[in-house]
Amino acid sequence: MTMYEIIQKKRDGYMLDEEEIEFFINGYVRGEIPDYQVSALLMAIFINGMDKSEIPALTLAMARSGDRVDLSSINGIKVDKHSTGGVGDKTTLVVAPIVAACGVPVAKMSGKGLGHTGGTIDKLDSIPGFNTSIPIEDFLSNVRNVGLAIAGQTGNLAPADKKLYALRDVTATVNNTALIASSIMSKKIAAGADAVVLDVKTGDGAFMKTEEEAVNLAKTMIEIGRSVGLNTAALISDMDTPLGYSIGNSLEVIEAIEILKNRGPEDLRAICIELAGMMLYLAKKGTYEACKHMAMQELENGGALKKFKQLIESQGGNSNIIDDYTLFSQPKYSMSFVAKEKGYISKIWTEKLGRAAMTLGAGRATKDSLIDYSAGIILKKKIGDKVETGECIAELYSSIISDFNEAISMLDNVFEITSELLGQRESLIKKVII
Ligand code: URA
(Lines give C-alpha, C1' and ligand atoms only; values in the text may rest on other atoms or scores of the structure.)
Protein backbone atom coordinates (compact mmCIF):
# COMPACT_ATOMS: atom_id res chain seq x y z
CA MET A 1 0.00 0.00 0.00
CA THR A 2 1.29 3.48 -0.86
CA MET A 3 -0.02 6.96 -0.15
CA TYR A 4 -0.13 7.54 -3.92
CA GLU A 5 -2.60 4.63 -4.31
CA ILE A 6 -4.75 5.90 -1.43
CA ILE A 7 -4.97 9.39 -2.96
CA GLN A 8 -5.77 7.89 -6.36
CA LYS A 9 -8.52 5.68 -4.92
CA LYS A 10 -10.24 8.56 -3.10
CA ARG A 11 -9.77 10.88 -6.07
CA ASP A 12 -11.62 8.36 -8.25
CA GLY A 13 -14.54 8.21 -5.79
CA TYR A 14 -13.89 4.85 -4.08
CA MET A 15 -14.23 4.09 -0.37
CA LEU A 16 -11.13 3.72 1.78
CA ASP A 17 -10.98 0.72 4.13
CA GLU A 18 -9.88 0.79 7.78
CA GLU A 19 -6.37 -0.37 6.95
CA GLU A 20 -5.83 2.40 4.38
CA ILE A 21 -7.19 5.03 6.78
CA GLU A 22 -4.87 3.79 9.59
CA PHE A 23 -1.96 3.77 7.14
CA PHE A 24 -2.32 7.42 6.19
CA ILE A 25 -3.11 8.66 9.72
CA ASN A 26 -0.21 6.80 11.35
CA GLY A 27 2.21 7.63 8.53
CA TYR A 28 1.32 11.32 8.72
CA VAL A 29 1.69 11.47 12.52
CA ARG A 30 5.09 9.72 12.30
CA GLY A 31 6.22 12.27 9.72
CA GLU A 32 6.60 9.62 6.99
CA ILE A 33 3.93 11.12 4.72
CA PRO A 34 4.51 14.73 3.62
CA ASP A 35 2.02 17.60 3.90
CA TYR A 36 1.62 17.82 0.12
CA GLN A 37 0.34 14.25 -0.20
CA VAL A 38 -1.99 14.65 2.76
CA SER A 39 -3.25 17.94 1.28
CA ALA A 40 -4.11 16.09 -1.93
CA LEU A 41 -5.96 13.38 -0.02
CA LEU A 42 -7.84 15.97 2.05
CA MET A 43 -8.97 17.68 -1.14
CA ALA A 44 -10.11 14.33 -2.59
CA ILE A 45 -12.06 13.63 0.64
CA PHE A 46 -13.46 17.15 0.54
CA ILE A 47 -14.72 16.68 -3.01
CA ASN A 48 -15.88 13.06 -2.85
CA GLY A 49 -16.89 12.79 0.83
CA MET A 50 -16.73 9.74 3.07
CA ASP A 51 -19.43 7.19 3.79
CA LYS A 52 -20.89 5.87 7.05
CA SER A 53 -18.13 3.30 7.59
CA GLU A 54 -15.21 5.54 6.62
CA ILE A 55 -16.08 8.38 9.04
CA PRO A 56 -15.99 6.28 12.28
CA ALA A 57 -12.82 4.55 11.02
CA LEU A 58 -11.15 7.92 10.43
CA THR A 59 -12.36 9.20 13.83
CA LEU A 60 -11.04 6.20 15.75
CA ALA A 61 -7.72 6.18 13.88
CA MET A 62 -7.29 9.86 14.85
CA ALA A 63 -8.39 9.27 18.47
CA ARG A 64 -5.93 6.37 18.74
CA SER A 65 -3.08 8.35 17.17
CA GLY A 66 -2.00 9.54 20.62
CA ASP A 67 -2.84 9.33 24.33
CA ARG A 68 -6.25 9.24 25.96
CA VAL A 69 -6.76 11.48 29.01
CA ASP A 70 -7.69 9.43 32.06
CA LEU A 71 -10.26 11.38 34.08
CA SER A 72 -11.15 8.44 36.33
CA SER A 73 -9.47 10.07 39.36
CA ILE A 74 -12.02 12.90 39.21
CA ASN A 75 -15.35 12.23 40.88
CA GLY A 76 -18.65 12.78 39.11
CA ILE A 77 -19.86 12.78 35.53
CA LYS A 78 -17.38 14.74 33.42
CA VAL A 79 -19.07 16.69 30.61
CA ASP A 80 -17.25 18.29 27.70
CA LYS A 81 -18.48 20.84 25.15
CA HIS A 82 -17.45 21.66 21.60
CA SER A 83 -18.53 24.22 19.05
CA THR A 84 -18.18 23.62 15.33
CA GLY A 85 -16.93 27.19 15.08
CA GLY A 86 -18.33 30.61 14.45
CA VAL A 87 -17.64 34.32 14.43
CA GLY A 88 -17.66 35.94 17.87
CA ASP A 89 -18.28 32.57 19.53
CA LYS A 90 -16.87 32.99 23.03
CA THR A 91 -19.38 30.69 24.74
CA THR A 92 -16.81 28.32 26.31
CA LEU A 93 -15.42 31.20 28.39
CA VAL A 94 -18.83 31.60 29.99
CA VAL A 95 -20.30 28.11 29.89
CA ALA A 96 -17.36 26.23 31.44
CA PRO A 97 -17.27 28.44 34.59
CA ILE A 98 -21.08 28.23 34.96
CA VAL A 99 -21.03 24.43 34.81
CA ALA A 100 -18.07 24.20 37.19
CA ALA A 101 -19.82 26.60 39.58
CA CYS A 102 -22.77 24.18 39.58
CA GLY A 103 -20.44 21.44 40.85
CA VAL A 104 -19.85 19.54 37.59
CA PRO A 105 -16.14 19.13 36.79
CA VAL A 106 -15.05 20.54 33.43
CA ALA A 107 -11.85 19.25 31.81
CA LYS A 108 -11.84 21.15 28.56
CA MET A 109 -9.37 20.72 25.74
CA SER A 110 -9.90 23.48 23.20
CA GLY A 111 -8.58 24.49 19.81
CA LYS A 112 -7.04 27.48 18.08
CA GLY A 113 -8.82 29.54 15.44
CA LEU A 114 -9.69 27.75 12.22
CA GLY A 115 -10.36 29.53 8.92
CA HIS A 116 -12.53 32.58 9.55
CA THR A 117 -13.63 31.30 12.98
CA GLY A 118 -11.95 32.02 16.31
CA GLY A 119 -10.66 29.48 18.86
CA THR A 120 -10.90 29.38 22.66
CA ILE A 121 -7.17 28.84 23.08
CA ASP A 122 -6.27 32.02 21.18
CA LYS A 123 -8.78 33.93 23.30
CA LEU A 124 -7.38 32.60 26.59
CA ASP A 125 -3.83 33.24 25.36
CA SER A 126 -4.77 36.93 25.19
CA ILE A 127 -5.02 37.02 29.00
CA PRO A 128 -1.61 38.16 30.32
CA GLY A 129 0.23 35.20 31.88
CA PHE A 130 -2.48 32.60 31.16
CA ASN A 131 -0.90 29.27 30.28
CA THR A 132 -2.93 27.11 27.89
CA SER A 133 -0.10 24.55 27.60
CA ILE A 134 -0.04 23.26 31.18
CA PRO A 135 1.23 19.72 31.74
CA ILE A 136 -1.44 17.06 31.97
CA GLU A 137 -0.76 16.52 35.72
CA ASP A 138 -1.51 20.21 36.41
CA PHE A 139 -4.54 20.07 34.14
CA LEU A 140 -5.95 17.15 36.14
CA SER A 141 -5.13 18.63 39.53
CA ASN A 142 -6.82 21.92 38.53
CA VAL A 143 -9.95 20.02 37.54
CA ARG A 144 -9.82 18.26 40.92
CA ASN A 145 -9.16 21.43 42.97
CA VAL A 146 -10.85 24.22 41.02
CA GLY A 147 -13.41 22.10 39.19
CA LEU A 148 -12.24 23.53 35.87
CA ALA A 149 -9.25 23.57 33.52
CA ILE A 150 -9.02 24.68 29.88
CA ALA A 151 -5.97 23.81 27.83
CA GLY A 152 -4.88 23.29 24.25
CA GLN A 153 -4.74 19.76 22.93
CA THR A 154 -2.00 18.85 25.39
CA GLY A 155 1.03 16.83 24.37
CA ASN A 156 0.03 13.81 22.52
CA LEU A 157 -3.79 14.08 22.45
CA ALA A 158 -5.14 13.21 18.99
CA PRO A 159 -1.92 14.43 17.30
CA ALA A 160 -3.37 13.40 13.94
CA ASP A 161 -6.10 15.98 14.36
CA LYS A 162 -3.63 18.61 15.47
CA LYS A 163 -1.64 18.19 12.24
CA LEU A 164 -4.66 17.80 9.97
CA TYR A 165 -6.47 20.77 11.56
CA ALA A 166 -3.56 23.10 10.82
CA LEU A 167 -3.23 21.75 7.26
CA ARG A 168 -6.97 22.01 6.53
CA ASP A 169 -6.94 25.58 7.78
CA VAL A 170 -4.63 26.65 4.94
CA THR A 171 -5.77 24.30 2.15
CA ALA A 172 -9.48 25.27 1.96
CA THR A 173 -10.57 21.85 3.24
CA VAL A 174 -12.33 22.80 6.46
CA ASN A 175 -16.07 22.70 5.82
CA ASN A 176 -16.71 19.06 5.08
CA THR A 177 -18.89 16.79 7.24
CA ALA A 178 -16.49 13.83 7.38
CA LEU A 179 -13.48 16.01 8.21
CA ILE A 180 -15.26 18.14 10.83
CA ALA A 181 -17.02 15.17 12.49
CA SER A 182 -13.82 13.10 12.73
CA SER A 183 -11.79 16.10 13.91
CA ILE A 184 -14.18 16.99 16.70
CA MET A 185 -15.11 13.48 17.84
CA SER A 186 -11.53 12.14 17.81
CA LYS A 187 -10.59 14.89 20.29
CA LYS A 188 -13.68 14.34 22.39
CA ILE A 189 -13.05 10.59 22.59
CA ALA A 190 -9.38 11.11 23.49
CA ALA A 191 -10.21 13.82 26.06
CA GLY A 192 -11.86 11.17 28.25
CA ALA A 193 -15.13 12.83 29.35
CA ASP A 194 -18.30 10.80 29.97
CA ALA A 195 -20.58 13.07 27.97
CA VAL A 196 -20.33 15.87 25.44
CA VAL A 197 -22.54 18.72 24.25
CA LEU A 198 -21.97 19.81 20.66
CA ASP A 199 -22.87 23.31 19.54
CA VAL A 200 -23.37 22.85 15.81
CA LYS A 201 -23.51 26.23 14.12
CA THR A 202 -25.39 26.96 10.93
CA GLY A 203 -25.60 30.03 8.70
CA ASP A 204 -23.24 32.24 6.74
CA GLY A 205 -20.63 32.50 9.53
CA ALA A 206 -20.58 28.73 10.14
CA PHE A 207 -18.86 25.95 8.22
CA MET A 208 -22.29 24.38 7.70
CA LYS A 209 -24.24 26.97 5.73
CA THR A 210 -27.65 25.28 5.83
CA GLU A 211 -29.64 23.86 8.72
CA GLU A 212 -29.90 20.55 6.88
CA GLU A 213 -26.10 20.24 6.68
CA ALA A 214 -25.80 21.18 10.36
CA VAL A 215 -28.34 18.56 11.42
CA ASN A 216 -26.54 15.97 9.30
CA LEU A 217 -23.22 16.85 10.93
CA ALA A 218 -24.80 16.74 14.41
CA LYS A 219 -26.35 13.32 13.76
CA THR A 220 -23.08 11.97 12.37
CA MET A 221 -21.21 13.08 15.50
CA ILE A 222 -23.91 11.82 17.88
CA GLU A 223 -23.77 8.41 16.18
CA ILE A 224 -19.96 8.27 16.48
CA GLY A 225 -20.10 9.33 20.16
CA ARG A 226 -22.78 6.89 21.17
CA SER A 227 -21.05 4.01 19.34
CA VAL A 228 -18.11 4.37 21.74
CA GLY A 229 -20.17 4.98 24.90
CA LEU A 230 -19.79 8.77 24.93
CA ASN A 231 -23.19 10.28 25.79
CA THR A 232 -23.53 12.92 23.08
CA ALA A 233 -26.16 15.63 22.58
CA ALA A 234 -26.28 18.59 20.20
CA LEU A 235 -27.67 22.04 19.81
CA ILE A 236 -28.19 23.53 16.34
CA SER A 237 -27.65 27.27 16.68
CA ASP A 238 -27.70 30.30 14.41
CA MET A 239 -24.47 31.73 13.02
CA ASP A 240 -26.01 33.88 10.30
CA THR A 241 -24.87 36.85 12.33
CA PRO A 242 -22.05 37.04 14.89
CA LEU A 243 -22.62 36.16 18.54
CA GLY A 244 -22.48 39.31 20.62
CA TYR A 245 -20.73 42.41 19.29
CA SER A 246 -17.01 41.59 19.62
CA ILE A 247 -14.80 39.63 17.22
CA GLY A 248 -11.13 39.15 18.06
CA ASN A 249 -9.35 37.55 20.97
CA SER A 250 -9.05 39.96 23.91
CA LEU A 251 -12.18 41.79 22.73
CA GLU A 252 -14.11 38.54 23.06
CA VAL A 253 -12.70 37.74 26.49
CA ILE A 254 -13.91 41.15 27.66
CA GLU A 255 -17.39 40.50 26.27
CA ALA A 256 -17.47 37.09 27.98
CA ILE A 257 -16.50 38.73 31.29
CA GLU A 258 -19.37 41.17 30.81
CA ILE A 259 -21.76 38.21 30.59
CA LEU A 260 -20.17 36.68 33.69
CA LYS A 261 -20.82 40.04 35.40
CA ASN A 262 -24.46 39.50 34.49
CA ARG A 263 -24.38 42.16 31.78
CA GLY A 264 -23.49 41.92 28.09
CA PRO A 265 -25.44 41.02 24.94
CA GLU A 266 -28.65 39.06 25.25
CA ASP A 267 -27.95 36.56 22.40
CA LEU A 268 -24.67 35.50 23.94
CA ARG A 269 -26.21 35.13 27.36
CA ALA A 270 -29.13 33.08 25.99
CA ILE A 271 -26.98 30.54 24.17
CA CYS A 272 -24.62 30.20 27.15
CA ILE A 273 -27.56 29.35 29.44
CA GLU A 274 -28.81 26.82 26.90
CA LEU A 275 -25.41 25.12 26.53
CA ALA A 276 -24.68 25.12 30.25
CA GLY A 277 -28.16 23.74 30.92
CA MET A 278 -27.55 20.92 28.45
CA MET A 279 -24.21 20.05 30.03
CA LEU A 280 -25.77 19.99 33.51
CA TYR A 281 -28.58 17.84 32.17
CA LEU A 282 -26.10 15.28 30.79
CA ALA A 283 -24.39 15.38 34.20
CA LYS A 284 -27.76 14.33 35.64
CA LYS A 285 -28.31 17.49 37.69
CA GLY A 286 -32.05 17.57 36.98
CA THR A 287 -34.51 18.18 34.18
CA TYR A 288 -33.33 20.29 31.24
CA GLU A 289 -35.47 23.23 32.41
CA ALA A 290 -34.21 22.95 36.01
CA CYS A 291 -30.63 22.81 34.73
CA LYS A 292 -31.07 25.98 32.68
CA HIS A 293 -32.46 27.69 35.76
CA MET A 294 -29.47 26.51 37.79
CA ALA A 295 -27.13 27.95 35.13
CA MET A 296 -28.94 31.29 35.20
CA GLN A 297 -28.63 31.47 38.96
CA GLU A 298 -24.85 31.00 38.83
CA LEU A 299 -24.62 33.95 36.42
CA GLU A 300 -26.83 36.10 38.59
CA ASN A 301 -25.21 35.29 41.95
CA GLY A 302 -21.63 35.77 40.69
CA GLY A 303 -20.68 32.10 41.19
CA ALA A 304 -19.61 31.69 37.55
CA LEU A 305 -17.50 34.88 37.60
CA LYS A 306 -15.74 33.66 40.76
CA LYS A 307 -15.00 30.35 39.00
CA PHE A 308 -13.57 32.18 35.99
CA LYS A 309 -11.26 34.15 38.31
CA GLN A 310 -10.08 30.87 39.88
CA LEU A 311 -9.51 29.43 36.42
CA ILE A 312 -7.30 32.38 35.41
CA GLU A 313 -5.29 32.23 38.63
CA SER A 314 -4.83 28.46 38.57
CA GLN A 315 -3.35 28.72 35.06
CA GLY A 316 -0.98 31.56 35.90
CA GLY A 317 -2.99 34.45 34.44
CA ASN A 318 -3.50 37.93 35.82
CA SER A 319 -7.06 37.93 37.17
CA ASN A 320 -6.99 41.72 37.63
CA ILE A 321 -8.05 41.88 33.96
CA ILE A 322 -11.56 41.11 35.21
CA ASP A 323 -11.81 44.57 36.76
CA ASP A 324 -9.34 46.42 34.58
CA TYR A 325 -9.61 45.72 30.84
CA THR A 326 -6.65 48.05 30.10
CA LEU A 327 -4.39 45.23 31.36
CA PHE A 328 -4.97 43.43 28.04
CA SER A 329 -2.51 44.39 25.32
CA GLN A 330 -3.98 47.50 23.74
CA PRO A 331 -4.36 48.02 19.98
CA LYS A 332 -2.04 50.62 18.48
CA TYR A 333 -4.35 51.56 15.62
CA SER A 334 -8.09 51.90 15.22
CA MET A 335 -10.54 53.10 12.62
CA SER A 336 -14.31 53.47 12.29
CA PHE A 337 -16.23 51.85 9.46
CA VAL A 338 -19.14 54.14 8.67
CA ALA A 339 -22.42 53.77 6.76
CA LYS A 340 -22.43 55.15 3.22
CA GLU A 341 -26.21 55.45 3.25
CA LYS A 342 -28.97 55.54 5.81
CA GLY A 343 -31.44 52.74 6.43
CA TYR A 344 -31.61 49.48 8.34
CA ILE A 345 -29.00 46.74 8.65
CA SER A 346 -30.79 43.86 6.95
CA LYS A 347 -27.94 41.37 6.50
CA ILE A 348 -24.43 40.80 7.86
CA TRP A 349 -22.25 38.54 5.71
CA THR A 350 -20.65 36.90 8.71
CA GLU A 351 -17.93 34.76 7.13
CA LYS A 352 -16.55 37.84 5.33
CA LEU A 353 -16.69 39.72 8.62
CA GLY A 354 -14.63 36.95 10.26
CA ARG A 355 -12.13 37.14 7.39
CA ALA A 356 -11.87 40.92 7.78
CA ALA A 357 -11.02 40.40 11.48
CA MET A 358 -8.35 37.88 10.37
CA THR A 359 -6.72 40.43 8.07
CA LEU A 360 -6.42 42.78 11.04
CA GLY A 361 -4.40 40.07 12.83
CA ALA A 362 -7.08 38.27 14.87
CA GLY A 363 -6.58 34.97 12.97
CA ARG A 364 -3.89 33.06 11.07
CA ALA A 365 -3.27 33.34 7.33
CA THR A 366 -0.76 30.45 7.41
CA LYS A 367 -0.01 27.66 9.93
CA ASP A 368 2.83 29.71 11.41
CA SER A 369 1.23 33.18 11.44
CA LEU A 370 1.35 34.99 14.76
CA ILE A 371 -1.86 36.30 16.27
CA ASP A 372 -2.36 39.91 17.33
CA TYR A 373 -4.45 39.45 20.48
CA SER A 374 -5.56 43.07 20.49
CA ALA A 375 -6.89 42.96 16.91
CA GLY A 376 -10.52 42.69 15.94
CA ILE A 377 -13.81 44.37 15.31
CA ILE A 378 -16.51 45.70 17.62
CA LEU A 379 -19.89 46.00 15.97
CA LYS A 380 -21.91 49.07 16.81
CA LYS A 381 -24.92 47.90 14.82
CA LYS A 382 -26.55 44.53 14.29
CA ILE A 383 -29.39 43.17 12.19
CA GLY A 384 -32.55 45.27 12.46
CA ASP A 385 -30.71 48.38 13.73
CA LYS A 386 -31.28 51.79 12.14
CA VAL A 387 -28.23 53.62 10.81
CA GLU A 388 -27.67 57.17 9.54
CA THR A 389 -25.29 58.13 6.71
CA GLY A 390 -21.80 58.53 8.19
CA GLU A 391 -22.71 56.74 11.42
CA CYS A 392 -20.26 54.16 12.76
CA ILE A 393 -21.23 50.53 12.06
CA ALA A 394 -18.06 48.95 13.39
CA GLU A 395 -14.78 49.89 15.07
CA LEU A 396 -11.64 48.16 13.77
CA TYR A 397 -8.55 47.52 15.89
CA SER A 398 -5.04 46.26 15.20
CA SER A 399 -1.51 46.55 16.50
CA ILE A 400 0.21 45.13 13.42
CA ILE A 401 -1.75 46.70 10.56
CA SER A 402 -1.76 50.48 10.35
CA ASP A 403 -3.30 50.56 6.88
CA PHE A 404 -6.92 49.45 7.19
CA ASN A 405 -7.74 49.69 3.46
CA GLU A 406 -7.98 45.94 2.88
CA ALA A 407 -10.25 45.34 5.89
CA ILE A 408 -12.40 48.35 5.02
CA SER A 409 -12.89 47.17 1.45
CA MET A 410 -13.87 43.72 2.78
CA LEU A 411 -16.41 45.35 5.10
CA ASP A 412 -17.90 47.21 2.12
CA ASN A 413 -19.39 43.83 1.18
CA VAL A 414 -20.43 42.75 4.68
CA PHE A 415 -23.33 44.99 5.72
CA GLU A 416 -26.48 45.23 3.60
CA ILE A 417 -28.42 48.40 4.29
CA THR A 418 -32.03 48.66 3.08
CA SER A 419 -34.43 51.59 3.26
CA GLU A 420 -37.11 49.38 4.86
CA LEU A 421 -36.65 47.13 7.85
CA LEU A 422 -36.38 43.66 6.28
CA GLY A 423 -36.87 41.41 9.27
CA GLN A 424 -34.93 40.52 12.38
CA ARG A 425 -32.30 37.85 13.04
CA GLU A 426 -33.07 34.16 12.73
CA SER A 427 -34.03 32.31 15.91
CA LEU A 428 -30.86 31.65 17.87
CA ILE A 429 -31.57 28.08 18.99
CA LYS A 430 -32.87 26.08 16.06
CA LYS A 431 -32.95 22.55 17.43
CA VAL A 432 -31.99 20.57 20.49
CA ILE A 433 -31.03 16.94 19.86
CA ILE A 434 -30.79 15.11 23.18
N1 URA B 1 -13.78 22.37 15.11
C2 URA B 1 -12.91 21.33 15.14
O3 URA B 1 -12.42 20.95 16.19
N4 URA B 1 -12.62 20.73 13.99
C5 URA B 1 -13.15 21.10 12.83
O6 URA B 1 -12.84 20.50 11.84
C7 URA B 1 -14.05 22.18 12.80
C8 URA B 1 -14.36 22.80 13.96
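The model is predicted: local features need pLDDT of at least 70, side-chain atom pairs count only at pLDDT 80 or more, and totals for chains, interfaces and linings use all residues. Residues are numbered from 1 along each chain as its sequence is written, and side-chain values use heavy atoms, with hydrogens and water left out.

**Helices 2 and 4**

Select residues 18-29, helix 2, and residues 54-63, helix 4. Helices (H or I, at least four residues) and strands (E, at least two) are DSSP runs, numbered from the N terminus. The two axes come within 9 Å and cross at roughly 35°. Axes here are lines fitted to C-alpha atoms, for helices over the stretch in contact, with angles from 0 to 180 degrees between N-to-C directions. On the helix 2 side, show Glu-18, Ile-21, Glu-22, Phe-24 and Ile-25; their counterparts in helix 4 are Glu-54, Ala-57, Leu-58, Ala-61 and Met-62. Contact means heavy atoms within 4.5 Å.

**Helices 9 and 10**

Next, select residues 177-190 for helix 9 and 211-227 for helix 10; their axes come within 10 Å and cross at roughly 35°. This crossing is also right-handed. Helix 9 contributes Thr-177, Ile-180, Ala-181, Ile-184, Met-185 and Ile-189, which meet Asn-216, Leu-217, Thr-220, Met-221, Ile-224 and Gly-225 in helix 10.

**His-82**

His-82 belongs to strand 1, residues 79-83. It counts as buried because its relative accessibility is 11%; buried means under 20% relative accessible area, exposed over 50%, and partly exposed in between (1.4 Å probe, protein chains only).

**Salt bridges**

A search of the whole structure finds 26 salt bridges, each a side-chain nitrogen of Lys or Arg within 4 Å of a carboxyl oxygen of Asp or Glu.

Start with Lys-292 and Glu-289, whose N to O distance is 3.4 Å. Both lie in helix 13 (residues 288-300), 3 residues apart, about one turn of the helix. Lys-292 is buried at 14% relative accessibility, whereas Glu-289 is exposed at 54%.

Move to Glu-391 and Lys-381, with the closest N and O atoms 2.9 Å apart. Glu-391 lies in the loop between strand 10 (386-387) and strand 11 (392-398), and Lys-381 in the loop between strand 9 (376-379) and strand 10, so the pair ties together parts that are 10 residues apart in sequence. Glu-391 is partly exposed at 28%; Lys-381 is buried at 13%.

Then select Lys-386 and Glu-388, a salt bridge at 4.0 Å, N to O. Lys-386 is partly exposed at 48% relative accessibility, and Glu-388 is partly exposed at 39%. For a network, select Asp-89, Asp-199 and Lys-201, which are joined by salt bridges that share partners.

**Val-432**

Finish at strand 13 (residues 429-433), where Val-432 is located. Val-432 is partly exposed, at 34% relative accessibility.

Notes: A crossing is left-handed if the near helix is turned anticlockwise from the far one by less than a right angle, and right-handed if clockwise.
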